[in-house]
Amino acid sequence: MSMDIDTPVALPVRALNQPTNATILCCNCGAPIDGTQAAGALCYDCIKLTVDISEGIQREATLLMCRDCDRWLSPPNQWLVAQPESRELLALCLRKLRGLSKVRIIDASFIWTEPHSRRIKVKITIQQEAFQGTILQQTFEVEYVQNYQQCPDCAKSYTHNTWRACVQVRQKVPHKRTFLYLEQLILKHSAHKDAINIKEVSDGIDFFFAARNGAEKFVDFLKSVAPVNAKKSQELISVDIHTSTKSYKFSYSVELVPICKDDLVALPLKLAKQVGNISPLTLCYRVGTSVNLLDPNTLQTADISTPIYWRSPFTPLADVQELTEFIVMNIEPLGPQKGRFLLAEAEVARASDLGINDTTYMTRTHLGGILHAGDSVMGYHLEGTQFNNTAFDAIEASKNYASAIPDVMLVKKHYPRRKKNKSRNWRLKRMAKEESEMLPRKQDQARQERDLEMFMRDLEEDDDIRQTVALFKAEQRAKELADAESVMDEGGEGESDEEGPVIPMEQLMDEFEEMGMDDAE
């Protein structure tokens with residue numbers, strides 16, 4: 001009898017050294033977890049639900065801002081400049097929270113809020129070890145309330161006689177064109193950012209500073225852009241006899257040269273020979289760090305530096321307020337050219353003499369490149385004019401220069417007067433100055449408007465000056481007045497279409513936001 005034998009079956013051999021994990025159940029939800037690594041017999045999901053690693057961290061805080069200078073208070077007494085949603089403001093918000101130093105910050109960002117709500121929300125992501133071997137990450141929001149508090153610097157600015165240094169800028173001229181140009185240079189380079197107050201006076205502007213170094217920095221800027229003469233004085237305010245500590249107030253007197261663009265200048269004969277033997281009767285065509293003079297008869301130029309001028313100062317023979325309008329009857333270029341100046345011989349007649357007499361004057365001019373027959377030109381009428389000037393008397397008494405004095409000296413081309421309702425396509429920034437309690441007189445207000453109009457015409461006519469200032473677009477205002485201009489133009493179709501030079505749009509910057517700055521059209 002045969003017996004059936006089962007074939008052997010291979011059984012899996014378990015490794016003897018393989019460890020076995022002790023599995024336990026979560027005490028909260030019953031999920032199986034590794035008992036050797038579980039902390040507090042809780043699974044990871046239950047740990048996230050029951051453990052709050054942000055406990056002890058503020059969820060609400062207060063930020064203090066000065067509404068005058070837009071600076072934020074960083075305790076205890078530091079004021080910081082921070083733009084909305086900037087890194088500096090975010091760092092300030094994180095430093096304001098108590099308990100945040102005990103955890104690790106992974107990420108922080110702003111949450112958008114309405115600008116007028118005075119609320120700032122920040123989303124913060126942190127990490128911390130909840131139990132041994134268990135690291136939790138949590139995200140929460142913090143809301144900051146924005147309150148206003150005046151900083152000490154702004155509080156001083158509203159109190160009289162709290163300044164430490166004052167810069168008094170003066171120029172002894174009957175107009176304000178130089179100060180208007182200097183104002184644009186100051187705005188372009190933000191040289192007045194440390195000033196706590198700006199006050200306009202009859203013959204200049206006063207800048208007040210809270211510290212002496214701010215005033216000295218401003219004086220150095222003025223020396224770098226204009227020929228000035230600066231003097232310093234100090235006044236003792238108080239002294240502590242126990243510590244020998246003294247408190248001073250510093251005043252800087254900065255005087256600009258009284259010579260402006262397009263002025264007629266009579267140089268002393270000795271100075272004229274020193275600067276290149278130029279003719280002593282010249283025109284000032286530019287004032288930068290030095291005074292640039294031009295002889296219209298020969299196109300010879302000379303530069304008078306600041307030290308040379310203040311060593312032997314002199315005043316202009318005539319300014320732009322004494323210009324006379326002439327009509328070009330005939331003009332012939334003579335050939336020599338120097339930069340934008342072209343020497344020409346012109347026959348002109350006074351505009352007031354047309355139809356009355358036939359008096360004409362022959363003169364040489366540097367405007368041969370832009371003048372044509374029939375154009376209007378502004379110039380100085382020297383024939384029969386009496387000047388109370390010792391330098392001009394010396395020129396008349398000189399044998400070499402007396403015969404070279406012309407009857408007429410042409411200065412610049414004159415364009416038709418702009419219509420009152422004609423709006424420019426550009427604007428200027430103006431500094432916010434302290435206004436007097438008394439309203440200006442009508443004649444003073446009219447003079448200020450006239451000086452501003454003359455300065456803006458100089459910007460339109462002179463490319464060199466225009467490159468040194470910042471001009472802004474005024475598209476919105478031009479569109480608003482377009483309909484009114486078209487209605488007015490319908491009634492004057494027979495008038496001249498020439499409205500003078502226009503600044504191209506490529507040279508204009510985008511329209512600025514009016515943040516405490518006035519604009520001029």
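Tutor: Let's begin with a pair of strands: β4, which spans residues 71-74, runs antiparallel to β5, and 4 bridges join the two. Within this pair, Ser 74 sits opposite Gln 78 of β5. Please keep in mind that this is a predicted model.

Now step back to the whole sheet. Strands β4 and β5 belong to an open sheet of 6 strands, and reading across gives the order β5-β4-β3-β8-β7-β6. The pairing in this sheet is mixed. As a general point, strands of a sheet pair through backbone hydrogen bonds, in either a parallel or an antiparallel way. At the edges you will find β5 (78-81) and β6 (104-111), each of which pairs on one side only. From one strand to the next, the twist averages 35 degrees.

A helix also belongs in this picture. Helix α2, made of residues 87-95, packs on the sheet and touches β3 (60-66), β4, β5, β6, β7 (119-131) and β8 (134-148). The direction of α2 makes about 120 degrees with that of β6.

The largest one has 40 residues, and Val 167, Val 169, Phe 207 and Phe 218 have the most contacts inside it. Elements that each supply at least two residues of this core include β9 (165-170), β11 (204-209), α5 (212-225) and α9 (442-461). Helix α4 gives the largest share, 7 residues. Looking at Val 169 on its own, you can see that its contacts include Phe 179, Leu 182, Phe 207, Phe 218 and Val 254.

Finally, let me show you a helix with a buried side. In α8, residues 390-397, you will find Ala 391, Phe 392 and Ile 395 buried. These residues lie on the same side of α8 because the arc they cover around the axis is only 100 degrees. Among the elements that cover the buried residues of α8 are β14 (264-266), α6 (269-274) and β15 (281-287). On the face turned away from the buried side, Thr 390 and Ala 397 are exposed. At the start of α8, a side-chain oxygen of Asn 389 comes to within 2.9 Å of the backbone nitrogen of Ala 391.

Technical notes: Residues numbered from 1 in each chain as written. Predicted model: local features only at pLDDT ≥ 70, side-chain atom pairs only at ≥ 80, totals over all residues. Heavy atoms only, no water. Buried < 20%, exposed > 50% of the residue type's maximum accessible area, 1.4 Å probe, protein only. Arc of directions from axis to C-beta. Contact = heavy atoms within 4.5 Å. Polar contact = N/O pair within 3.5 Å; in protein donor to acceptor, adjacent residues only side chain to side chain. Pairing = 2+ DSSP bridges. Axes fitted to C-alpha atoms, helices over the stretch in contact; angles between N-to-C directions. Core = buried A, V, L, I, M, F, W, Y, C linked by side-chain atoms within 4.5 Å. Lists of a residue's contacts leave out its neighbours within four places in sequence.
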